[in-house]
Amino acid sequence: MRVTVVGSGYVGTTLAACLADAGHDVTAIDIDPDVVDALNDGHAAIHEPGLDDLLAEHAGDRLRATTEYDGVPDADVTFLAIGTPSREDGSIDLGPLTAAAEMTGEALAGASDGDGGSSSATDDDRHLVVVKSTITPPGVREVREALRAGAGDAADRVELATNPEFLREGSAVDDFQHPDKLVFGTDSDWATDRLETLYEPLLAATDGEVPMIRTDPETAVMIKYANNAFLASKISLANDLGNVCKRFGIDAYEVMDAVGLDDRIGAQFLRSGVGWGGSCFPKDVDAIRAAAREAGYEPLLLDAAVAVNDGQPERMLELLDAHVDVAGERVAVLGLAFKPGTDDVRNSRAIPLVEGLRERGADVVGYDPVAADNMRELFPGIEYADSVAAALDEASAALVVTDWDEFAALDDAFDAMAEPVVIDGRRIIERRDGLTYEGLTW
């Protein structure tokens, strides 16, 4: 099939590359010429394992990038993968997405005018526009109205659907190619059939065992929010229980290993620690909380999940305070990305920790294998080491924030510390003689 993907961030780039790998002819559209040039050269502007390999293989063949919308009318499907940034109150800003929807409609209207402007729509000349961006149920109407406004007299030829993504940064390519589920939010059998045809190569590669949920557009996007809100709340509950365990001198991981054996609960997302960050959980939980309040409902449990998450970095600093007065001391922050496998520092738990250390007068040095440059944009005034050993050298303490595999292999590097105090927020460091070690919830 011929596919256009509007927006080339994490979701759009992964979507375009994976659809090209599935055999489709894909055109990526982005307003940033540098992003377009990078894609055409076979490179992503983001760090995502496996993504550059796909781009290098398909760029110039089944995948091309452009700043223009002129290819939209020739496509069988157009995806909108535009960011929906958070406002101060947690609600999402649909402005960039509705602008893209309107421009998509205008491109379709222009092609319709060139064909004589016929107002009757057949399956051959209908166009499916699919929202891949994460939007609340009321947002579906706004995007649909923008699309139809742009399309004008050709609006009857255009149908809007939603197809939320469930990609994790650091494993987005694998998540796309081996999904837990596919959710199609449509208003017609025609649109559902078109999406099923698009994903047919993916289903064939997975022996057709992927569950497919066929529903309306609003329900589909609510599934995405419910999914992330549930996972975020599960982490916060594990952290809350972990904080209780710590007070009792009990290892929360031993407790949760047993709890995870209950098939009603499951073992995933029970690893307590410094909390969740990134672009999805904070943004999506805030957005659905704001949408609920606008609808007249106070989501108390989600409020509590956020409060627990926001408190974990301060708990980590309190453990540090019990061992070291960091004023004027060198303190290493190990891990700056919000999770391993990505260079994304959005809502990283390292951010409040660096802020807290600076408020205490510490001399902060950060280390991350891929995310240092992105963190430097937020904190240009702290030191950035090019290795773990350099970060730990003469440090009075270290905070472990991201569970990169290389941190599990540390041994002699701790010997270079002025005072070997380690506060571990991810349970990746092994206790050892000569090391003052504190686990956040164990």
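Two strands count as paired if DSSP finds at least two bridges between them, with strands (E, at least two residues) and helices (H or I, at least four) taken as DSSP runs numbered from the N terminus. The model here is predicted, so local features need pLDDT of at least 70 and side-chain atom pairs pLDDT 80 or more, while totals for chains, interfaces and linings use all residues. Residue numbers start from 1 along each chain as its sequence is written, and side-chain values use heavy atoms, leaving out hydrogens and water.

Elsewhere, β7 (residues 182-185) pairs with β8 (residues 212-215) in the parallel sense over four bridges, and Leu182 has Met212 as its bridge partner. Leu182 and Phe184 point one way from β7, Val183 and Gly185 the other, and all are buried (under 20% relative accessible area, 1.4 Å probe, protein chains only; exposed is over 50%, partly exposed in between).

As for α5 (residues 137-151) and α8 (residues 217-248), their contact involves Pro137, Val140 and Arg144 of α5 and Pro217, Glu218, Val221 and Met222 of α8.

Terms used:
Contact = heavy atoms within 4.5 Å.
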